[in-house]
Amino acid sequence: MSEPHEWDEAQWRGLVGQVRAGRSLLPDRWPGGARCAVALSFDSDHETNELRDGGTSIARLGWGEYGARRGIPRIKQVLDRFDAKASFFVPAVAALLHPEEQRMLAQEGHEIGLHGWIHERNTQVPPEAERDLMLRSADTLEKITGTRPVGMRTPSWDYSQVTLKIARELGLLYDSSLFNDDDPFEILDAGEPTGIVELPVEWIRDDAVYFMMNRFGAQRPYTPPADVLDIFRREFDGARAEGGLFLLTMHPHITGYRSRIFILEELLEHITATGDCWIATHGEIARYCAEEAGLKGPK
């Protein structure tokens, strides 16, 4: 295999052009004259953080159960207080381990979205296996909740060369795994408009980068929770100032602790105090952006 400095233009352009940001789908206005849209998401990885690497650590499996046992109830209590609906991205194995959790959230108006089968890394499984896992995951979540998922977030935001093609085959309304912008856009597949809405993510707006720990490695939490709240609040203030989208990613097994849940609570206090923001599920926001832009759906 040749070295990158030996690639010809067709090769590096081909790599860059596989999955790109197309036209902006930021609407001229949000519903009800809202200043900005707020998309709260929770990646309910639970025990799959350990399982996906073939791990057998009882302690780490218990950490995953904590997310379901204590994290989800605390998060739900905060969301209920502010009457805020959110999107929960759930690996199919986590959904099978905690089916009542998914049913309860879905029945209360929250969204359950695709998040892989066992939180696998898409770039580390063969294309045919990735397709099978995604299709099985969609079937599993539909069977548990009664509603077929309309959107996905790839585990660890890992995109393979066939991920987008599988999403198109599934007829998904939206994806939320890419970093190309702050605001919604239409995904391009090798330059071709797909009709799929992208709700972009960013590590800055993810709790995991500030609080994750690996007791057998050098990874240690280094950011005080109050500073994380300040970062999230500044990201929201910037989105509101620009009239755009504020999308936040959190994890029940990370934010669901007594000393961290205040981040979500105080952030929602700050957001709702403005009186001019639309808090909605990813599916609701993607559908609104698609309709305003006249998208006909996945192509």
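Visitor: What is the handedness of the crossing where helix 6 passes helix 7?
Guide: Bear in mind that this is a predicted model. The axes of helix 6 (residues 127-145) and helix 7 (residues 163-170) come within 10 Å and cross at roughly 35°. As helix 6 passes helix 7, the crossing is right-handed.

Visitor: And how many nonpolar residues are in the contact of helix 6 with helix 7?
Guide: Helix 6 brings Pro127, Glu130, Arg131, Met134, Leu135 and Ala138, while helix 7 brings Thr163, Ile166, Ala167, Glu169 and Leu170. Sorted by class, there are three charged residues, one polar and, for the nonpolar ones, seven.

Visitor: Which residue forms a salt bridge with aspartate 132?
Guide: Look along helix 6, where the two partners lie four residues apart, about one turn of the helix. Aspartate 132 is partly exposed, at 37% relative accessibility. Its closest N and O atoms to the partner are 3.0 Å apart, and that partner is arginine 136.

Visitor: How many residues apart in sequence are the parts that arginine 121 and aspartate 53 tie together?
Guide: Their salt bridge has its closest N and O atoms 2.9 Å apart. Arginine 121 sits in the loop between strand 4 (111-114) and helix 6, and aspartate 53 in the loop between helix 2 (48-51) and helix 3 (58-81), so the separation in sequence is 68 residues.

Visitor: Where does arginine 81 lie, the partner of glutamate 269?
Guide: The two side chains meet in a salt bridge at 2.9 Å, N to O. Glutamate 269 belongs to helix 11 (residues 261-274), 188 residues apart from arginine 81, which lies in helix 3.

Conventions: Residues numbered from 1 in each chain as written. Predicted model: local features only at pLDDT ≥ 70, side-chain atom pairs only at ≥ 80, totals over all residues. Heavy atoms only, no water. Axes fitted to C-alpha atoms, helices over the stretch in contact; angles between N-to-C directions. Helix = DSSP H or I, 4+ residues; strand = E, 2+ residues; numbered from the N terminus. Left-handed = near helix turned anticlockwise from the far one by under 90°. Contact = heavy atoms within 4.5 Å. Nonpolar A, V, L, I, M, F, W, Y, C, P; charged D, E, K, R; others polar. Salt bridge = Lys/Arg side-chain N within 4 Å of Asp/Glu carboxyl O. Buried < 20%, exposed > 50% of the residue type's maximum accessible area, 1.4 Å probe, protein only.
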